[in-house]
Amino acid sequence: MEYIVEKIGMSRTIGVPSKAVTLLKVKEVKVCEVVDGTALVAYSQGKARNKPIEGQQKKYNHSAEFNKFATLEVANTEAGDLDMTPLADAKKVKSAFNTKGRGFTGVMKRWNFAGGPGAHGHRFHRTGGSIGNREWPGKVQKGRKMSGQYGNELVTVKNEVMSYDAENGVLVVVGAVPGANGALGRVKVVKQ
């Protein structure tokens, strides 16, 4: 079963040994329709509204706050509020978030290259250096580590569930979860 969550941030437990934990807020989600365990769901995020969104809201009788739609694997068999019981019994979850975007980045930051000497007389400070050979292969081979877009990619991690507060919708997982605070992601209950 999948849930849409918002990353609140990280904290630590009180005790010996102390553990690093991540707090995730489970978003309020309305199930629109269910087909073979996969559902179209609506949730609120920002103020985005346009004609297609208004049409979907009218079709499923949702208020204006439910302005985003997604497909999830759910425990529900019919439309209505999302069933939270699998989350209360979960021992482990897979969290999928986009990592923090770092833009166009050089090889030292992106791939941990050592770089060249920082002193005078060098032209090889933070560059990648040679990228290929002359006669063979006569081209840059695929997979060469170079500068480029770094971060902002989907990463999934498996975490142990420490607790779930059903009243406030806060899920506490052991360890770190990728992404910035306030980022939206998905949590999937792992079968034992």
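This is a predicted model: local features need pLDDT of at least 70, side-chain atom pairs count only at pLDDT 80 or more; totals for chains, interfaces and linings use all residues.

Colleague: Why is the contact between glutamate 2 and arginine 186 called a salt bridge?
Modeller: A salt bridge is a side-chain nitrogen of Lys or Arg within 4 Å of a carboxyl oxygen of Asp or Glu. Glutamate 2 and arginine 186 have N to O at 3.9 Å, so the pair meets the rule. The pair links distant parts of the chain, 184 residues apart: glutamate 2 is in strand β1 (residues 2-12) and arginine 186 in strand β12 (residues 184-189). Helices (H or I, at least four residues) and strands (E, at least two) are DSSP runs, numbered from the N terminus.

Colleague: Is glutamate 2 buried or exposed, and how do you know?
Modeller: Buried means under 20% relative accessible area, exposed over 50%, and partly exposed in between (1.4 Å probe, protein chains only). Glutamate 2 has 15% relative accessibility, so glutamate 2 counts as buried. Arginine 186 has 30%, so arginine 186 counts as partly exposed.

Colleague: How many salt bridges does the rule give?
Modeller: The count comes to four. Among them, lysine 188 and glutamate 73 have their closest N and O atoms 3.5 Å apart. This pair also links distant parts of the chain, with lysine 188 in strand β12 and glutamate 73 in strand β5 (residues 68-73), 115 residues apart. Another is arginine 49 with glutamate 54, at 3.6 Å. Arginine 49 has a relative accessible area of 45%, so arginine 49 is called partly exposed.

Colleague: What makes β3 and β4 a pair?
Modeller: Two strands pair if DSSP finds at least two bridges between them. Strand β3 (residues 29-35) and strand β4 (residues 38-43) have six, in the antiparallel sense, so they pair. Glutamate 33 stands opposite leucine 40, and valine 34 stands opposite alanine 39. Two residues lie between the strands of this hairpin, where aspartate 36 takes a positive phi near 55°.

Colleague: Why is β4 called largely enclosed?
Modeller: Five of the six residues of β4 are buried, so the rest of the structure largely encloses β4.

Colleague: What makes Ile131, Val140 and Met146 a nonpolar patch?
Modeller: Patches are made of residues with over 30% relative accessible area and no salt bridge; like charges are joined within 9 Å, and nonpolar side chains (Val, Leu, Ile, Met, Phe, Trp, Tyr) within 5 Å. Accessible areas come from the Shrake-Rupley method with a 1.4 Å probe, and for residues only the protein chains shown count as cover. Valine 140 has a relative accessible area of 38%, so valine 140 passes the area cut-off. Together the three have about 220 Å² of accessible area.

Colleague: Which residues gather in the patch of positive charge?
Modeller: Lys100, Arg102, Lys109 and Arg126 gather there. Lys and Arg count as positive and Asp and Glu as negative, while His and the chain ends are not counted. The place of a charge is NZ of Lys, CZ of Arg, CG of Asp or CD of Glu. Lysine 100 has a relative accessible area of 47%, so lysine 100 is partly exposed.

Conventions: Residues are numbered from 1 along each chain as its sequence is written. Side-chain values use heavy atoms; hydrogens and water are left out.
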